[in-house]
Amino acid sequence: MKPKQHFYSFSAYRRSAVSMASAVVLSLPLLWSAPAQAETRGYVISWFATATNNPDFATNCPQAFKDPGSRFATTGKRRVDHAFVNGKEVAPYDYPDALDKDPNVETVIGKYAYGFDLGGPEATKFQDPETHEKVDNQLWRAVGCTTNFQFTPPTMPYMEGQAWNSGYADSAPAWTMQVSGDDLSKDGPVTITLDRALDHLQRDALSAIRTHVTYVLDPSPRSHNVLQGEIKNGVLLVTSGDVWLQGSLPYYLQIDLKNTHMRIRSETGSKLVGYWGGYTDWHKWAYMFTSRCGAGFDCIGIYRSVKKLADFAPDPKTGENQMISIAWRMEAVPAFLATQDGKLLATASSDALGGRLHDTVAANIPAQ
Amino acid sequence: MKVRTRGHLLISVAGVLGILGATTLATGQVAPVSPPSDTDMATSLRLSPSQYKLAITDVFGESIRVDGRFEPEMRDQGMLAIGARTENMTDSSLETYDNIARAVAAQVVDERHRAGFVGCKPRSDAGRDDACAYAFFSRVGALLYRRPLTTGEIEGRASAAGAEADKLHNFYSGLRLSLAEMMVSPQFLFRYKRMEADPTHPGQQRMNAYDKASTLSFFLWNSTPDPELTRAAASGELNTNDGLKRQVDRMVDSARVASGVRAFFADMLVFSDFDAVSKDPNFFPRYTLSIKDQAQEQTLRTIIDHVVGRHGDYRDLFTTPNTFLTKDLASLYAVPFIDATANGQQQRWLPHTYPADDPRGGILSQASFTTLWSPSGRTSPTVRGKALRQNILCQRVPAPPGNVDFKFVEDISNPKYKTTRDRLTAHRSEAMCAGCHKITDPLGLALENFDSAGGFRSTENGVRIDASGETNGTMFDGPLGLAKVVHDDPAATACVAERMFAFETGYLPPKTESGWKQIESKFAASRYDVLELMRQIALSDLSYRSPNTKPAPARNQ
């Protein structure tokens with residue numbers, strides 16, 4: 001019996017992505033102005049990728065640890081497999097659900113993963129290596145044993161790093177973040193505002209993302225997000241809300257999070273480092289990853305793994321979960337943020353959030 | 001002296017210098033004049049790279065590129081303009097100029113440009129046409145040499161072009177080689193201040209009118225005389241007070257005076273030293289390559305806006321909150337730069353005004369000063385203070401003794417001395433160091449809030465920076481306090497006047513003479529309007545006499 005009807009097609013997804021984006025535009029209220037608060041600091045996202053946790057690789061993925069080749073099942077291998085739709089053989093790439101054998105890529109069985117407790121089932125919980133709190137992060141379970149994700153920050157997972165460094169950072173509109181509060185040097189409630197800019201990131205002399213650059217925000221409400229949070233013990237926390245950020249090729253078409261959680265702290269020089277987590281549409285994630293299946297990654301295997309481990313928002317008809325828990329690691333550096341009509345919304349501060357005053361430059365080396 | 005170029009032609013520098021003629025562009029008639037004696041050649045100044053480029057643009061238009069790297073210029077008594085007086089022409093420098101000249105000449109006669117520049121069609125492209133070449137060199141030669149050429153000079157050029165055309169079977173190749181030779185001639189590369197007997201004041205000398213025109217033009221416009229100024233030289237108008245005034249007023253009122261102002265301040269502020277500036281990116285990642293050029297441009301734009309655009313008081317350059325920024329500079333200074341216009345273009349310059357409570361203001365707070373006068377990884381209040389004394393106030397700072405001991409300033413691991421001020425204070429405890437550091441350090445320490453790359457900082461190694469100081473009994477605090485001190489120091493206005501005179505003449509002014517005192521007093525009366533200073537210098541007899549001239553008896557002008 002050949003499967004039919006609900007098989008997922010990547011090419012069909014492109015059309016649905018467009019219509020979903022249109023729906024977002026129509027449904028978002030015009031929440032342009034950030035709430036008037038005593039202080040608003042601006043940042044630009046300077047690093048963004050799947051939150052990996054590879055120090056535990058041996059316990060996470062014992063099979064791949066013993067046999068490194070097994071985590072590198074190639075797409076070439078999948079080409080010899082067969083997929084059928086309505087009795088007609090089709091390319092497994094285009095119809096990964098129709099593949100007659102599940103590649104069954106190894107999934108993470110270790111204890112730790114970065115992320116947040118989103119209220120998911122206890123049986124699938126990880127523990128966060130930093131906070132030791134419970135974590136829902138089925139995406140990491142699905143992909144953490146595959147080659148692409150065997151990298152540790154500041155190195156990004158392969159595909160994301162390629163996309164970021166070969167195009168995204170230097171050509172795609174940047175994502176920005178405003179943090180507003182009465183006194184950001186102290187604990188207390190804050191408002192976090194995410195936007196997309198009309199400028200791409202600027203690099204400094206070390207090819208890192210330059211600080212204190214001014215970004216003009218996209219006036220469209222499409223990527224405008226306002227979240228409520230707090231600074232607690234110097235750490236910025238968000239525990240609810242939705243995020244939708246327009247992305248760009250070659251990787252992140254959009255960041256779409258439900259039940260958004262954030263945990264962000266300041267580093268020297270006022271750089272922010274932290275995690276964003278929540279539930280995201282696994283179809284969209286799979287499209288981002290699998291539609292550019294280069295470098296021999298087992299895209300179909302990963303697709304099937306992510307689909308199987310999706311853990312939220314069951315489809316009323318099929319019962320299949322439509323979303324998967326996920327965590328991203330991010331960094332942000334101080335930036336000035338302004339509107340297109342010249343209004344300054346946020347200043348680039350050299351002070352750490354909730355922390356001590358940092359000097360902008362700590363240079364002091366012997367005379368030359 | 002014979003100088004052999006890489007081509008086949010020989011040029012005689014002495015011969016070229018010796019054969020002088022006069023003509024009027026209006027009539028084209030050549031009137032022979034007596035060649036001046038060597039002793040008449042009071043001064044020669046080699047064109048600066050920017051003057052060379054602007055001169056080529058003025059003669060041939062903006063479509064002709066000047067490629068190649070010029071030899072570094074020589075600075076003397078604080079100014080390249082003074083060093084230009086003693087610049088010579090070595091084999092290597094001649095080769096450099098020859099390469100540049102050949103590239104320019106090739107463009108002038110290439111197929112795209114020849115119709116416009118040559119001005120006549122040769123009988124045949126494959127051989128000589130002396131009449132066409134003569135017409136070309138007669139016209140272009142006068143522009144390049146900034147005076148009419150003698151018949152002999154023109155014939156020499158046309159003949160050289162013809163010989164090469166015969167050899168190469170190409171009229172334009174001949175023209176190209178002969179033109180390139182003209183551009184390595186001292187008549188083009190140097191501007192002369194030749195003296196001649198003054199018929200209206202027997203027994204006295206005056207500057208040759210064409211050289212006077214060049215002096216004026218390179219001073220006020222940093223380029224070669226325009227047709228109107230050349231006409232005034234040819235007609236003798238420049239030798240009259242009214243005629244000179246008409247031309248000076250015209251030139252100072254022209255937008256082109258910005259080129260002169262720009263060249264002068266780039267020289268006075270020692271921007272040529274930016275070639276050697278580098279910053280350690282590990283400490284100063286925001287100091288990118290583009291900053292080096294933009295830092296200079298920021299200051300020059302600030303000056304042009306203030307001096308030319310607003311006729312502002314020179315002293316206010318040290319305190320003005322008005323400046324111009326690019327996106328990169330704004331990031332370096334950590335100030336917002338909202339450019340909401342169409343993107344996808346070169347970095348834009350936008351005006352910026354610092355708020356009243358901002359610690360930045362004036363050109364001393366700009367990266368062109370704070371980064372130029374700092375080592376790559378740290379600040380040096382001594383270097384900054386010395387630069388301020390020497391370049392802004394024209395005060396001499398003695399060189400350090402040969403056996404100076406830097407142990408206190410170089411040892412940054414000593415927990416007793418956390419800040420640069422601490423280390424310099426310890427260094428000054430040694431008697432042999434104290435004298436000079438008393439002169440330089442208080443000024444430089446006031447700028448300690450600016451790191452080596454021009455960024456603002458409030459602390460050093462966790463200790464709040466003390467930027468207070470005292471000079472000549474005046475207490476001040478921080479960069480704005482220092483700016484006010486410099487603003488109020490009469491040495492600042494005296495210095496810019498002195499340097500401006502040197503920029504025109506290649507000499508420091510005769511400060512004891514009444515003529516100089518008059519210039520200073522008119523500068524003060526104009527509320528230190530730099531354009532008025534330039535006007536007064538351009539009108540003064542001091543600018544057009546041999547530096548060896550003894551003070552002339554006062555005469556009515």
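Guide: pLDDT is the predictor's confidence in each residue, from 0 to 100. Keep that in mind, as this is a predicted model.

Visitor: OK, which element of chain A has the lowest mean pLDDT?
Guide: Chain A as a whole averages a pLDDT of 81, and 79% of its residues score at least 70. At the top of its elements sits strand β5 (residues 134-135) of chain A, with a mean of 98. The lowest mean, 33, belongs to helix α1 (residues 10-27) of chain A.

Visitor: How many contacts beyond four places in sequence does the model have for residues 355-368 of chain A?
Guide: Over residues 1-36 of chain A, pLDDT stays under 50, and the model has 43 contacts beyond four places in sequence there. Residues 355-368 of chain A also stay under 50. For that stretch, the number of such contacts is 42.

Visitor: What share of the residues in chain A is buried?
Guide: Chain A has eight helices and 16 strands. Of its contacts between residues at least 6 apart in sequence, 66% join residues at least 24 apart. Out of 368 residues, the buried share is 48%.

Visitor: Is A:Phe336 buried or exposed?
Guide: You'll find A:Phe336 in strand β15 (residues 321-338) of chain A. Being buried takes 20 or more other C-beta atoms within 10 Å. A:Phe336 has 26 C-beta neighbours inside that distance, so A:Phe336 is buried.

Visitor: And which residue of chain B does A:Phe336 touch?
Guide: Leave out residues up to four places away in sequence, and the partners in chain A include A:Gly42, A:His212 and A:Leu344. The list also has a residue from chain B, namely B:Pro336.

Visitor: Which element gives the most residues to the largest nonpolar core?
Guide: That core has 230 residues, and A:Val44, A:Val306, A:Ile324 and B:Met183 touch the most other members. Beyond four places in sequence, A:Val306 touches A:Ile324, and among its other partners are A:Trp282 and A:Trp285. With 12 residues, the element that gives the most to the core is β15(A).

Visitor: On to the contact between the chains: which element gives the most to the side of chain B that touches chain A?
Guide: The contact takes 32 residues from chain B and 29 from chain A. On the chain B side, α15 (327-333), α18 (407-410) and β10 (459-460) each give two or more residues. By class, that side has 16 nonpolar, nine polar and seven charged residues. The most, three residues, comes from α15(B).

Visitor: Within chain B, how many residues does the contact take from domain 3?
Guide: Chain B is divided into domain 1 (2-196), domain 2 (283-303 + 311-488) and domain 3 (492-544). Domain 1 puts nine residues into its contact with domain 3, and β5 (41-46) and α3 (80-83) of chain B each give two or more to the domain 1 side. From domain 3, the number is five.

Visitor: How far apart are the end C-alpha atoms of helix α7 (residues 151-168) of chain B?
Guide: Inside α7(B), the buried residues include B:Ile154, B:Arg157 and B:Ala161, and just after the helix B:His169 takes a positive phi of about 55°. At 1.5 Å a residue, its 18 residues should span 26 Å. The model agrees with that, as the end C-alpha atoms are apart by 25 Å.

Notes. Residues are numbered from 1 along each chain as its sequence is written. Chains are lettered from A and ligands numbered from 1 in the order in which they are written. This is a predicted model: local features need pLDDT of at least 70, side-chain atom pairs count only at pLDDT 80 or more; totals for chains, interfaces and linings use all residues. Helices (H or I, at least four residues) and strands (E, at least two) are DSSP runs, numbered from the N terminus. Two residues are in contact if their C-beta atoms, placed from the backbone, lie within 7 Å. Ala, Val, Leu, Ile, Met, Phe, Trp, Tyr, Cys and Pro count as nonpolar, Asp, Glu, Lys and Arg as charged, and the others, Gly among them, as polar. Domain bounds come from an automatic or database domain assignment. A residue is buried if 20 or more other C-beta atoms lie within 10 Å of its own, exposed if 12 or fewer, and partly exposed in between; C-beta atoms are placed from the backbone. The expected span of a helix is 1.5 Å times one less than its number of residues. A nonpolar core is a set of buried Ala, Val, Leu, Ile, Met, Phe, Trp, Tyr and Cys residues joined through C-beta atoms within 7 Å.
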